[in-house]
Amino acid sequence: MTALQVGYETFGGSRRKAVTLICLMLSSSLAAAITVYVDSYSMHKWDELVEIGPVAMEIGGAGVEHIADGVAEIDGVTDIAIFAAAEGSVTAIGTGGQPITWSASVFRYDQTLMTHFGNVFVLNKGAFPSATDEIALSAEIAQETDIDIGDLVNYTRGEPGIGGSYVMTVVGLWEFSGNSGSFHYGWQIAMVTGSMLDPRTDDSYLWIDVDRSRVSAFNVQGSLDYLLQIEESIRELDPTYDPDRDTGSRYWVNDGLRSGITNYASWQQGKRVAQLFRAGGPILLVVLTLFLAVRHNMNERRYESNILISRGADENKVRNMVYKEIMILAALSTIVGLGLGALLSRVGVMSSDYFVFRWELFVNEPFLISIESLALSAVAGILVPFGAILAYDYVYRIRQTAEESTGKLAKLTRLLGFVKWDVLLVSLTGIALIAMLATGTALQLNPLLRFFSNMILSLAPFALFLGMASLFIKALRAGANRISNRMEGIFGSIPSSVGIRRIGRAASSAGPVAMVLVLTISLAWSSAVIGDSLPLTKMNQARFTFGGDIRFDLDALNSFADANATEFVQNCTLHEAYVAGAELSITERMLSTGYYDAADLVAMDPSDYLAVGYDYTGQPLNESPLSSMLMELETSPMGAIISQDIAEEYELSVGDSLRSYGTEGGNVSVFTFTIIGIYEALTNALLSDTSGNIWGYYGAGFGLRTVWVNRGYLSQFVNFTTESRNMYAMRVADSSNTTEVALDILEAAGYQSTDGDDSANNDYADVDSEVRSYIGTTDYTMDRAVDTMLTIATTLVIFGAISVYAAEGLNSRRREIALMRAMGAGKRLIVKTQATELLVLTLSSIMLLLVFAPLLIVTTGLSQQTSYIIYPIRFFFSVPYGTLSLVLGFFLVSVTLFVVAVSSLATRIQLSQSLNASWSEGGPMGGDG
Amino acid sequence: MLNDDYLISVDNVSRIYRVGEVSVEALRGVSLDVTEGEAIAIMGPSGSGKTTLLNLIGALDRPTSGSVRIDGMDITKMDEKDLTAVRRDKISFVFQFFNLLPVLSAYENVELPLLIGGIEENARKERVDHLLELVGLTERAEHRPDELSGGEQQRVAIARALAKPKGQASSVIVLADEPTGDLDTRTGEEIMQVLRELTHTEGGTLIVVTHDPEVGQQMEKLYTMRDGTIVNVS
Ligand SMILES: Nc1ncnc2c1ncn2[C@@H]1O[C@H](COP(=O)(O)OP(=O)(O)OP(=O)(O)O)[C@@H](O)[C@H]1O
Ligand SMILES: [Mg+2]
């Protein structure tokens with residue numbers, strides 16, 4: 001035709017390339033964002049693990065002192081000194097007045113060692129030994145005694161009882177600086193002058209440092225190779241060393257630097273894999289989009305390639321040409337994607353929670369792209385598109401062979417088509433999921449089953465999604481005509497016939513676009529819900545576990561501070577944040593005489609505790625079903641509230657009596673209670689944290705085998721002070737910080753908290769610090785940060801998908817608009833037609849969203865691991881409606897923008913040009929596939 | 001040569017395309033008059049400006065200078081809204097590549113101009129049925145374009161061209177740009193005959209651009225173009 005169309009085709013080509021580039025960029029930038037984020041985050045770990053002090057390696061072996069010169073000449077070695085140590089023991093008088101002896105390694109104070117590696121030691125007090133009767137002790141030892149400078153200790157050379165004994169004056173107290181002691185095996189307790197070492201056990205070592213500018217987190221493998229090379233060179237200083245003949249070297253190297261780097265690398269690898277695994281959904285999204293992109297490329301080039309083929313070009317050659325172009329674009333996009341990913345990783349670095357940013361971290365936090373990240377992004381950027389091409393090719397070929405041939409394969413494909421994989425996938429995963437959700441905690445009891453069930457929980461939604469996607473596309477294709485007939489009344493006949501039916505016709509691209517939208521929103525929603533729910537879950541579980549906002553272990557406090565319990569409790573009531581408090585005394589009793597089946601009897605004043613505790617759902621007791629039971633326990637002192645499992649095991653119901661047995665000093669005692677209530681789970685207030693450990697007892701379920709009884713009644717038989725664990729649970733004002741309140745009270749009681757490290761202390765527990773320390777864990781922070789990045793990344797996928805959709809239909813859309821306008825349709829009608837299409841597509845996406853999103857959210861929630869303890873409710877869902885509507889709003893705005901863009905297309909369109917071009921779709925070259 | 005008796009009156013029209021620095025003078029001072037019910041042909045070598053002229057008459061494009069009158073109204077001075085009305089009420093195109101909407105059935109494609117024109121349902125159905133019968137496609141009414149042959153598609157396009165809201169001061173102007181260019185000779189002849197006859201019986205005015213001298217001969221008038229001007233009328 002005219003010269004114009006040639007120009008138009010080139011424009012189309014560049015548009016196609018741009019769209020492809022955008023889609024291809026997604027996979028490399030997603031991979032880069034995650035790995036670069038982990039890299040950058042891991043710099044802290046690098047600092048921690050690789051800062052091993054001034055000594056990089058220690059070399060040992062008989063006669064090692066003679067190779068010092070040789071070692072010094074090895075490339076990379078920057079510093080060297082000889083370090084001598086021998087066995088010895090030190091005896092001193094302990095704080096209790098009794099003598100204590102430490103037998104360990106004693107080493108020589110040496111001036112040259114000090115000039116080279118003096119920084120290894122920190123002198124806390126005094127000086128290093130300079131005379132034969134002087135000794136400097138490790139500060140660790142000094143702490144266990146009251147030894148100070150000028151005191152006398154007994155020093156024995158060699159093994160105790162064999163070597164000579166000397167009375168020495170303590171002249172200094174030292175310790176290793178930072179991590180710098182870790183490279184040397186054994187325990188150093190003292191430093192003496194050279195002649196005082198035991199000559200029989202005397203051993204020399206070489207300490208060396210290496211050029212550390214050659215190790216970096218950027219190139220971990222290179223760093224390791226470099227250090228291994230140095231180690232090997234050292235071993236080779238033994239002339240008999242020959243690894244080929246299996247003769248070892250007499251010199252060994254303890255490479256502290258290398259083990260630090262190895263630890264770093266495995267830590268980093270673990271995090272990387274974990275986060276990439278969490279990104280399963282977004283990866284699926286990217287693959288979907290890439291598939292769309294490849295398909296788009298093939299369709300766009302079909303006209304062109306048909307011409308080439310008709311002129312005699314080989315069909316494979318044409319296809320390869322298309323693929324080659326995609327691969328070149330992929331390589332190009334990898335570079336851009338890496339930059340985008342690196343930028344995105346900064347978003348991760350500065351987010352301290354899901355979409356909670358600390359902007360200063362954007363620049364302040366370290367930044368690292370390691371070689372592995374570069375490689376991984378490159379692989380993702382090139383291999384993933386390649387995979388998409390193969391997938392496309394596969395689908396395309398199967399279709400063709402099925403249509404053309406009548407052979408075995410065709411039969412098989414027809415059979416597969418008959419089986420309807422999507423229906424099968426949806427029903428099977430659906431059944432598996434329902435089964436899993438129904439079994440509930442049973443699966444949770446076995447750690448291995450738990451692992452697999454979590455795996456299924458996190459993968460099943462996506463399998464389900466793929467099946468649903470396929471069904472959805474089929475439904476769109478089949479349903480568009482029907483919908484369009486129905487909608488005539490609402491939208492008018494032209495918008496609904498032309499607009500809606502276009503969806504059906506373009507179903508193979510409209511469907512995936514809808515799927516991308518749905519998946520993206522679902523993922524963002526799910527991340528938002530999880531981010532909101534985890535702290536709530538921790539809070540509710542902590543409240544239940546501790547039996548209140550704060551729980552003090554009165555027994556432990558009594559032994560530490562000299563406070564007495566009554567005084568301490570009074571102290572608590574005086575605090576301004578005090579709302580209510582109750583003493584709980586916990587006694588372990590048997591529920592039958594036959595075998596070991598202990599239960600915890602929790603003795604309480606029911607009306608007191610009613611105002612303090614929480615039930616397993618995190619509800620305050622006075623608002624939970626337990627409140628009436630507690631009220632009854634108040635009035636019937638012999639009553640007992642039992643946990644559900646006890647009722648089931650002994651087939652007990654309300655009104656039955658419950659006997660408990662105990663043996664004290666050979667006498668069997670029996671207490672009898674009347675059951676007045678049965679409840680799912682009851683706290684025993686014994687735990688001081690909610691994380692538990694893998695094989696811990698509460699792996700069987702927390703809140704089970706517990707009986708709540710009236711304190712007044714039980715006190716007749718039990719001496720709480722000597723026979724029970726005694727706890728004080730407290731409720732504080734809503735606005736107050738439980739940690740501050742707890743520390744205030746402890747301080748008032750004269751108790752010294754060991755520098756805020758409360759997780760190690762069992763003497764008190766409080767809800768806020770439990771939640772805070774959970775939120776503060778590396779894994780929590782990393783998960784939320786990666787979720788933030790993934791949400792942003794998947795949002796970009798929306799644009800990728802929409803742009804494919806727009807580009808895909810652009811030609812026919814233009815023609816359609818031009819044609820309608822040539823027939824005299826007004827602009828309003830045209831905009832309405834285009835908007836109707838998007839509206840119906842959006843509405844059907846939203847319908848799908850309402851099915852899929854809850855499913856994804858529930859399964860993601862249930863696969864979260866917040867504790868090794870099994871709680872009756874493993875996850876509390878909290879829905880941040882604001883965030884969810886923000887996400888949905890964002891999506892609707894982007895769709896609206898798309899409509900606006902199309903509308904402006906309707907006005908800008910050049911009628912004469914659009915109508916006279918030869919449209920591949922209407923022309924002889926066939927429609928889209 | 002202004003004369004209000006003419007349905008179409010093209011007066012000294014030029015159209016210059018500017019592509020970057022280059023400008024192409026596709027039409028240079030073309031004048032032409034067509035009376036109602038007339039059937040004329042335009043011929044000429046490729047690039048001589050036939051399509052450009054047709055687009056100007058069809059209100060798809062505006063001339064650089066000169067005027068185009070339809071029913072005595074100068075459409076080159078109209079705003080977009082009035083132009084839309086002219087296209088809706090008076091003009092129909094039949095393209096070389098049939099240009100049917102792929103999502104609509106044959107019936108719906110023919111119905112579309114009537115829908116746009118706001119014709120009431122019963123009248124619409126009657127007219128569409130009538131036109132489909134005229135082009136011999138009653139049986140194929142529910143088929144979509146990709147289920148029809150090229151000749152059949154072009155018949156649908158002709159039926160669609162004739163589906164115009166009736167009752168206006170003048171009848172429809174059918175502008176056909178190489179309507180048989182993409183068909184084999186026999187089908188092409190058939191289509192040409194259908195186009196000519198139907199336009200005639202329906203009282204429409206027909207302008208056909210063609211490369212086929214025989215087609216040109218059958219028309220009441222034949223204009224020959226070269227380099228943007230009309231060089232011969234017969
Ligand atoms: N939109 C445009 N921009 C620039 N030049 C154009 C445009 N449309 C047409 N032309 C040029 O104007 C001249 C006339 O084109 P036109 O399409 O009217 O020719 P035609 O007689 O219809 O030719 P054909 O028989 O090949 O269809 C040609 O040189 C063409 O390249
Ligand atoms: Mg032309």
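I take a polar contact to be a pair of N or O atoms within 3.5 Å. The model I am reading is predicted.

Entry 1, ligand 1, contacts. I looked up the side chain of B:Ser46 and found one of its N or O atoms 2.4 Å from an oxygen atom of ligand 1. For B:Gly49 I noted a backbone N or O atom at 3.0 Å from a ligand 1 oxygen. In B:His211 a side-chain N or O atom is 3.4 Å from an oxygen atom of the ligand. I then checked the area: ligand 1 exposes 630 Å² when taken alone, and the protein buries 83% of it.

I located ligand 1 between chains A and B. I listed 17 residues around ligand 1, and those that come nearest are B:Ser46, B:Gly47, B:Lys50, B:Thr51 and B:Thr52. By class I sorted the shell into nine polar, six nonpolar and two charged residues. Helix H1(B) gives the largest share of that shell, three residues.

I asked which residues of E6(B), 91–94, are buried on each face. On one side I found B:Ile91 and B:Phe93, on the other B:Ser92 and B:Val94, and all of them are buried, so I record both faces as covered. In general, side chains in a regular strand alternate between the two faces of the sheet. Next I looked for the partner strand: E6(B) runs parallel to E7(B), residues 173–177, and four bridges join them. Within this pair I noted B:Ile91 opposite B:Ile173 of E7(B).

How values were computed:
Residues numbered from 1 in each chain as written. Chains lettered and ligands numbered in written order. Predicted model: local features only at pLDDT ≥ 70, side-chain atom pairs only at ≥ 80, totals over all residues. Heavy atoms only, no water. Near = heavy atom within 4 Å. Polar contact = N/O pair within 3.5 Å; in protein donor to acceptor, adjacent residues only side chain to side chain. Areas by Shrake-Rupley, 256 points an atom, 1.4 Å probe, with all protein chains shown as cover. Helix = DSSP H or I, 4+ residues; strand = E, 2+ residues; numbered from the N terminus. Nonpolar A, V, L, I, M, F, W, Y, C, P; charged D, E, K, R; others polar. Buried < 20%, exposed > 50% of the residue type's maximum accessible area, 1.4 Å probe, protein only. Pairing = 2+ DSSP bridges.
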